[in-house]
Amino acid sequence: MSLKIRMIGCVFAIWLVASCTFIEALANKGCQSEHGPVLVYNKVPKAGSTTMSKLLQSGSRRRFKVALNQSMRQNRPFDATQELQAIKDILAKRGQIPLAHHQHSRWLDFAKHGYDKPLYINLVREPIARFTSMYYFQTQTMPKGQFVRNPHSPIRQQRDWTINKCADQPTKCWFSGPSNQVTGYFCGNHPDCSNTSAPAALERAKRNLRNEYTLVGLNERYHDTLRLLEVLLPDYFEGVVARAASLPHRRKSKGYEPLNEYHRMRWRPLIANDLELYKYAAKLFKERVEACL
């Protein structure tokens, strides 16, 4: 046998052992319930977070406290002082019973600041569908709020615009278009996360998603996500599947029109990191379901 063939065989053997080890570790992680005094849901916008927050609230029943920090919305990473303060603000809400904290924010590194790691969960959604949903939410739901009280607000004037009309006229439309927002949510506040379109931000986001979260579910597989949460985090999600069945079905926004293929092709390069991160999350989720359910 030639040296080249032997080397190829060795490389394959190493890969096979590594793959089996990873799958075994995933299976063990996937089916063991986790317990802890603090659960943090740094909810990605327009990925099923409203429903998940309602399910958390309805399941508390004095077993745990549900808290929300509406003022903590992040578009840029925190510096170390800001991150520490955000962590202290979360922990200050905890009393004598466990705390489930939900907010739109980036992942916070508790261990870096000397605190025990909380249990982390999140939900993701196919990126173009998520931005489409965000567009219609902001044009048709948000107009009831403070952003469009001015009758001359672009959002108010363009409420009847479809997302395709907006994409056809980007210089006139109020909507800024897509960005790698979800990469930032999972990357956190490290300096690598300043540019969410950079490879370093994607790699750190993948690492956090894989290692720091009890579960990252899929909006497109909401029922399976709830089934996993019921198994993995029974202290917070016991009976969640049954409770979800009683929730009213949410309708799509009036005049909803999906983004057409031409604009989908134009948007994909702009959100390449979010698309890759979603693909990675979907892969891990599929393996988790197969291992546990």
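Predicted model: local features only at pLDDT ≥ 70, side-chain atom pairs only at ≥ 80, totals over all residues.
**Figure 1. Overview of the chain.** The chain has 293 residues, of which 46% are buried. Its secondary structure comprises 13 helices and 5 strands. Of the contacts between residues at least 6 apart in sequence, 78% join residues at least 24 apart.

**Figure 2. Packing of helix α8 against helix α13.** Helix α8 spans residues 199–211 and helix α13 spans residues 272–292. The angle between the two is about 25°, and their axes are 10 Å apart. The two helices are therefore roughly parallel to each other. The crossing of α8 with α13 is right-handed. On the α8 side, the contact is made by Leu 202, Ala 205, Lys 206, Leu 209 and Arg 210. On the α13 side, Asn 273, Glu 276, Leu 277, Tyr 280, Ala 281 and Leu 284 take part. By class, the residues of this contact are 7 nonpolar, 1 polar and 3 charged.

**Figure 3. Crossing of helix α4 with helix α13.** Helix α4 covers residues 127–140. The axes of α4 and α13 cross at roughly 115° and come within 9 Å. From α4, the contact involves Pro 127, Arg 130 and Phe 131. From α13, it involves Asp 274, Leu 275 and Tyr 278. The contact of α4 with α13 contains 4 nonpolar and 2 charged residues, and no polar ones.

**Figure 4. Packing of helix α2 against helix α9.** Helix α2 (residues 49–60) and helix α9 (residues 222–232) meet at an angle of about 30°. Their axes lie 13 Å apart. As α2 passes α9, the crossing is right-handed. Thr 51, Met 52 and Leu 55 of α2 are in contact with a set from α9 made up of Tyr 222, Thr 225, Leu 226 and Leu 229. The contact of α2 with α9 has 5 nonpolar and 2 polar residues, with no charged residues.

Figure 5. Strand β5 consists of residues 215–218 and includes Leu 215. Leu 215 is buried, and its relative accessible area is 3%. Apart from neighbours within four places in sequence, Leu 215 has contacts with Tyr 120, Ile 121 and Asn 122, among others. Also in contact with Leu 215 are Thr 225, Leu 228, Leu 229 and Leu 232, as well as Phe 285 and Arg 288. Two of these partners, Thr 225 and Leu 229, also belong to the α9 side of the contact with α2. Leu 233 is 18 residues away from Leu 215 along the chain, and their C-alpha atoms are separated by 9.3 Å.

**Figure 6. Leu 108 in the loop between β3 and β4.** The loop that holds Leu 108 runs between β3 (99–103) and β4 (119–124). Leu 108 is buried, because its relative accessible area of 1% is under the 20% cut-off. The C-alpha atoms of Leu 108 and Ala 86 are 8.1 Å apart in space, and the two residues are 22 apart in sequence.

**Figure 7. Backbone of Lys 46.** Lys 46 sits in the loop between β1 (38–42) and α2. Phi of Lys 46 is near 60°, which is a positive value in a residue other than glycine.

Technical notes:
Residues numbered from 1 in each chain as written. Heavy atoms only, no water. Axes fitted to C-alpha atoms, helices over the stretch in contact; angles between N-to-C directions. Helix = DSSP H or I, 4+ residues; strand = E, 2+ residues; numbered from the N terminus. Parallel < 35°, antiparallel > 145°, perpendicular 65-115°, else oblique. Left-handed = near helix turned anticlockwise from the far one by under 90°. Contact = heavy atoms within 4.5 Å. Nonpolar A, V, L, I, M, F, W, Y, C, P; charged D, E, K, R; others polar. Buried < 20%, exposed > 50% of the residue type's maximum accessible area, 1.4 Å probe, protein only.
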